[in-house]
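Morning, everyone. Please have a look at the model first.

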Amino acid sequence: MHKIKKIPISKGVFWVEIPEVDLKLLCGCPADSVKHLTKKGLIQQKEVNGIVFETGPNAILLSDLAVQNGQFTNLSEFPILHMFYKQGMLLPNHPNNTGRKPIIIGGEEQVVSQLNYIYRGNYGLQSEEEIIQAGINQETAALMMTIKLKFAFGQITEIDDLIEAVFLEKKQMEIINGVYIRRIDINIFEIEYQDELITINLNLNQNDEYQVSYALSFHKVSRDYFTIIHTGEGNGWDINRPCMSSIIMYQGNIYLIDAGPNLIHSIKALGISLNEITGIFHTHCHDDHFAGLTTLLQADHKIKYYSSSLVRHSVIKKFSSLLNYKENTFNHFFEIIDLELNQWNYIDGLEILPVFSPHPVETNIFYFRTLYEKGYATYGHLADVVSFDVLKRMISKNKDEPGISEEYFHKIHHYYLLPCDLKKIDIGGGLIHGQAIDYKQDKSTRIILSHIDTPLTKDQKEIGSSAGFGMINTLIPTHHNYLMEYARKYLTTYFPNIPDYLENILLNNQIVSFNPETIIIKEDQILENIYLTLTGDIEKIRADSDHIIRMSAGSFLGVRSSINRTTATVTYRSINYVFALQIPFHTFMECVQQCNLKEIVEKQWNIRMYLERNWLFSESISNSILVTLSRLCYEKKLKKAEIIETEYFEDIFLIKKGKIEILLDNMVLETLTEGDIFGEEGMLDNAPSLCKYKTTTNCSLIGIPHQNIKEIPIVLWKLLETSNRRMKKILNPSLSEKAMFIWHNEYNINVMTMDMYHRKIFNQAHKLLKFIDTGKKDQIIKETLGFLMEYTIKHFHDEEKLLSEYQFPDLDVQHKCHQEFKIKLDELKNKYSNNEQDIKHYFLVFFKNWFLNHILTEDRKYGIYLNDKGVY
């Protein structure tokens, strides 16, 4: 009998169990991994001393890659929450609370990222100060913190006290009781126990996707005036349905309410392209409402983010932890529109009332209304409300005891029971969710009960209804053709100078629909029509390539073949229900000829085709955006051995032909070839370029201005990942083949006093590492660490004083970084004082992630600023 059990769960996910040491290891944790374990029967109910709870994993092996095939690989919040609450490992007086902590295993960056992301998912904002920074007054912040502590059993517990981390390095590491793990390649691991050895491969193949635990049928959804589309009534444990969410269709625009796991599958089933989404109304940061937020990064435009400032601050902290980005990066991906809590906000005719709802993390429910006939049509979305019984237990009769007042209870009670034409309510029960019985006297016309993973009981059925996926409630009927509005908008993008009469000729054609998985144009077909897609998604398939290009709404099909008078060169196939404007071939060609557009269109299409085939632009970008970019592109020629050395890049460059080396202090960090890009440095943070670029052959480049790229989230995301990967080559000695503590001239910020400080800190850090390596006496190490801390804090003081004197605009950012830096210094000192074994590892992580990275990004910004002021 084997001592190690290995069970495939779904693509990229495995279960490894070693009963002798009670290790149940979830290998890979993309969205809904717990649901897959449940479907496989690996999570079961168990009863001990009359308490019923679930079995399940007690350790997680993370993917080395944060993203595979455009999907996030490590979403460990719900597996950890399952361990904490469903299995009872964190619950007071629970039979499964034995003091054993869940284990997270993986590379340093992924583990640290996941720990911070789980911490924020568990607590949200973790202090009164953070709540006040979100725009809440001190009295209300104190009340919110009191409520948070009620949910948290009286204290905010540090994540290190909740979860055990195992950092995988090159050597074999012990997980527990003689079980060892070793990385043998990226995402490939060996697990060994006694005389048995298994291999785990977490890599996905090229066109693979992580699987969804439920099937969704296709729906043909019209674009309406004011309707609610029900896109999820389950919760994070429901194996058969998406999590609680809705879509608001208002005046033809599409707004999400929350973004749970597998968002792309939900909108695909509804025939909605990601690029059709206008905005998202966000209730809070728990993964069953948050995990799909990362999907929105793959849009070709900034999606509007609507919530209270309170919720936004909580969401940003979790978002930045998950992606390992700075907090201000969120602003570059979304168009942020803060809503005032507990009052009506006006957004283009739609009125929104966000209301604070007591929950472990910052949460607001939403009410929506818009003018109709004699009053308003209204919808209420009450995700993650608390039951009245739980809320009552928080009331404190004694002012000296923490709790809420009777008055505050009645305030929440009033907001929860506001009557609507349609209201969707969380009735998940337990400590943090609502109860159906609380809404028995609710005066709303129709109530939908949601956020559960069981069928409604008889009593619940008397209070509210259910809503299947894709069910629609029309609150105001439509008397307008929004599809024709879409067509006009897209045509104007393609042909901005076309006369109105010709545009009207093109628009005066039939709008047709295609069923899912239907061939629209077949390769080698003689074209009778071309198509402008208005909704849905298309696959572009080439016979000579395994790569399938996904195209969104706003794409023209068959234009190039029409202009060149050739048969179709590719196959276009609908992914879901698609509406398209069908334009007869001869009508289109006559309009092109009358405007002398053939040469312009052909040139644009050639550049567009080049962009589409480049990895930077090959996903989720509509043809209309690519055509706009093609107008802004320019070509640049360089000769062999030219040096590209600039303080700031203002453009992104794609290498069309040739080779270029990236140099740091004459060391080659990377050699770029055809299809590679550079120029991403400083695009978001305005930091000057750190490296030089040298051509090794004659080169042809395509340039695109930064300002236009910044507005395309999917491209921006890829550029950030590229920038981070290149920065790691500088920061990681195993990649750059030079010691981390060697000072390079490129690190200078050209402000003498600050550069002297930085070099001195480098030298002291190098000395400290040597002392740790050679086993010097504790007192020597302690003194060196103390000096390093004191000297660093003095440097921060003098740096901030200098920046204040010259009114550096981002001084507050520097100050915040310094405060966080000091906290990390204290943590490092405490780890040493507590004799933690891997102090060298902690020190290297600290120096790399905090000090060196800080110099190469934040400090370089003020160097240029002070130089311009005459300070050197």
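Before we start, one cut-off: a residue is buried under 20% relative accessible area, exposed over 50%, and partly exposed in between. Keep in mind that this is a predicted model.

Take Y85. Its relative accessible area is 33%. Now F84. Here the relative accessibility is 2%, so F84 counts as buried.

How are such rings described as a pair? By the distance of the centres and the angle of the planes. The model holds 40 aromatic pairs by the pairing rule. F84 and Y85 make one of them: their ring centres sit 6.1 Å apart, and their planes meet at 80 degrees. An angle over 60 counts as edge-to-face, so that is what we call F84 and Y85.

Next pair: F319 and F333. Centre to centre, we have 6.3 Å, with 70 degrees between the planes. Edge-to-face again. Where do these two sit? F319 is in helix α8, residues 309-323, and F333 is in helix α9, residues 330-333. They are 14 residues apart, and the pair links distant parts of the chain. Buried or exposed? F319 has 1% relative accessibility, so F319 is buried. F333 also comes to 1%, and is buried.

Rings also gather in groups. Y255, F281, Y306, F366, F368 and Y379 form one aromatic cluster.

Last item: charges over rings. K6 lies over the face of F14, 5.3 Å from the ring centre. R369 lies over the face of Y376, at 4.2 Å from the ring centre.

That's my tour. Thanks.

Conventions. Residues are numbered from 1 along each chain as its sequence is written. This is a predicted model: local features need pLDDT of at least 70, side-chain atom pairs count only at pLDDT 80 or more; totals for chains, interfaces and linings use all residues. Side-chain values use heavy atoms; hydrogens and water are left out. Rings of Phe, Tyr and Trp (its six-membered ring) pair if their centres lie within 6.5 Å; planes under 30 degrees apart count as stacked, over 60 as edge-to-face and the rest as tilted. Buried means under 20% relative accessible area, exposed over 50%, partly exposed in between (1.4 Å probe, protein chains only). Helices (H or I, at least four residues) and strands (E, at least two) are DSSP runs, numbered from the N terminus. A charge sits over a ring if NZ of Lys or CZ of Arg is within 6 Å of the ring centre and within 35 degrees of the ring normal.
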